[in-house]
Amino acid sequence: MKILIVGYFTETSKSNIVRHFPEDWDIVIVPPGKEMLHHIEDCQVIIPEHIKVDISLLSIAKKLKLVQTGAGFDNVDINACTQFGIWVANAAGVNSQAVAEHVMALIFSYYKNIPFLDSFMKNKMDENQLNYTGSELKGKTIGIIGLGSVGKKVAEFCKAFDINVLAYARNSVVQSDTFVKMMDFDTLVSTSDILSVHVSLNQQTKQLINKEVFKKMKNTALFINTARGGIVNERDLIDALKNRDISGACLDVFESEPLPIDSELRNLSNVILTPHTSGMPDGLKFHKKRYDFFVNNIKRIENGEEPESNLNELL
């Protein structure tokens, strides 16, 4: 069984990943490019990052049986895979705990001003000259866009800290819980102190968060995105942050990844950035739960079974 993993990984990450697979499997980890195209010809499974799995790629993959993704699958043409007789599966829900914890870490870091205070102490500045603002979370209102596995977990965590929880979901089947109040989109946006995005990227959600949305938000509001960068118009976000249309942002995902070195986001004092690591709690682009899921799903394919969380049936 040859497994092709495409993405940008450190040598340590590669070692951790390879050790997690059965020894008799051929694990190839390469960045996007010509080397990837060579290996795609005879791999049975591909785990793709930073590449599109489309007809042009699939036409080369003569032995491919499974396209396995993490939580997101916006980079995969599911229809084309199905036409080629190739399974597509994501690891739905596997990283819910990790991402929700990351969201809470960002919220605390922002409202407790942790990055600033850490820098202040390490730069050995005069504590008598300390000047900063902070806030307690009790009584604040969070608006959660998308109430899937991650959104629900964030809601549970926020309840524990006495944060009022509002949510918006396109799926009308979702009902208000005892502590989660379902709202229409505009009401959610305009009444929330914290707005956190937890939807997948698709044609309906692409640039869902734009200039009009930021104008409707409180100028004291915090915006959080740990879902997908394409859900947000990044130029509009930068303008909103610079103009103080909103108070700040905590971002783990970006329109272009890795985030360009010259991105204005890197220079804004009211922004906290992390490098798309919310779903990787074990460090260095590795999450044991995710790779446990990958191994089990690949074994199912090896045994001629249908993979868990297959996406082909969505068509």
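A salt bridge is defined here as a side-chain nitrogen of Lys or Arg within 4 Å of a carboxyl oxygen of Asp or Glu. The structure is a predicted model, in which local features need pLDDT of at least 70 and side-chain atom pairs count only at pLDDT 80 or more, whereas totals for chains, interfaces and linings use all residues. Residues are numbered from 1 along each chain as its sequence is written, and side-chain values use heavy atoms, with hydrogens and water left out.

The chain is divided into domain 1 (2–94 + 287–303) and domain 2 (95–273), the bounds being taken from an automatic or database domain assignment. The centres of the two domains, taken over C-alpha atoms, are separated by 31 Å. Eight residues from domain 1 and seven residues from domain 2 take part in the contact, where contact means heavy atoms within 4.5 Å.

Between domain 1 and domain 2 an area of about 680 Å² is buried, and carbon and sulfur atoms give 49% of it. Buried area denotes the accessible area (1.4 Å probe) that two parts lose on being put together, summed over both. Of the area that domain 1 buries against domain 2, His50, Asp74 and Gly93 supply 49%, more than any other three residues. His50 is placed in the loop between β3 and α3 (55–58) and has a positive phi of about 60° although it is not a glycine. One salt bridge is found across the interface of the two domains. Asp74 forms a salt bridge with Arg228, with 3.0 Å between the closest N and O atoms. Three residue pairs, both residues at pLDDT 80 or more, are in polar contact between domain 1 and domain 2; a polar contact is a pair of N or O atoms within 3.5 Å, where within protein one must be able to donate a hydrogen and the other to accept it, and residues adjacent in sequence count only if both atoms are side-chain atoms.

Helices (H or I, at least four residues) and strands (E, at least two) are DSSP runs numbered from the N terminus, and two strands pair if DSSP finds at least two bridges between them. An open sheet of five strands has the order β2-β1-β3-β4-β5, with parallel pairing. Its edge strands, β2 (26–30) and β5 (87–89), each pair on one side only. Strand β1 (residues 2–6) pairs with β2 over five bridges, and Ile5 stands opposite Ile29 in β2. Helix α11 (residues 288–302) lies across β1, β3 (45–48), β4 (66–68) and β5, at about 170° to β4. Axes are lines fitted to C-alpha atoms, for helices over the stretch in contact, and angles run from 0 to 180 degrees between N-to-C directions.

A second open sheet comprises seven strands in the order β8-β7-β6-β9-β10-β11-β12, also with parallel pairing. Because β8 (180–182) and β12 (271–273) each have a single partner strand, one side of each is left without a neighbour in the sheet. Strand β7 (residues 164–168) pairs with β8 over three bridges, and Met182 in β8 is the bridge partner of Ala167. Helix α10 (residues 234–242) lies across β10 (222–225), β11 (248–251) and β12, running at about 140° to β11. In the loop between β11 and β12 is Pro258, joined to Glu257 by a cis peptide bond with omega of about -5°.
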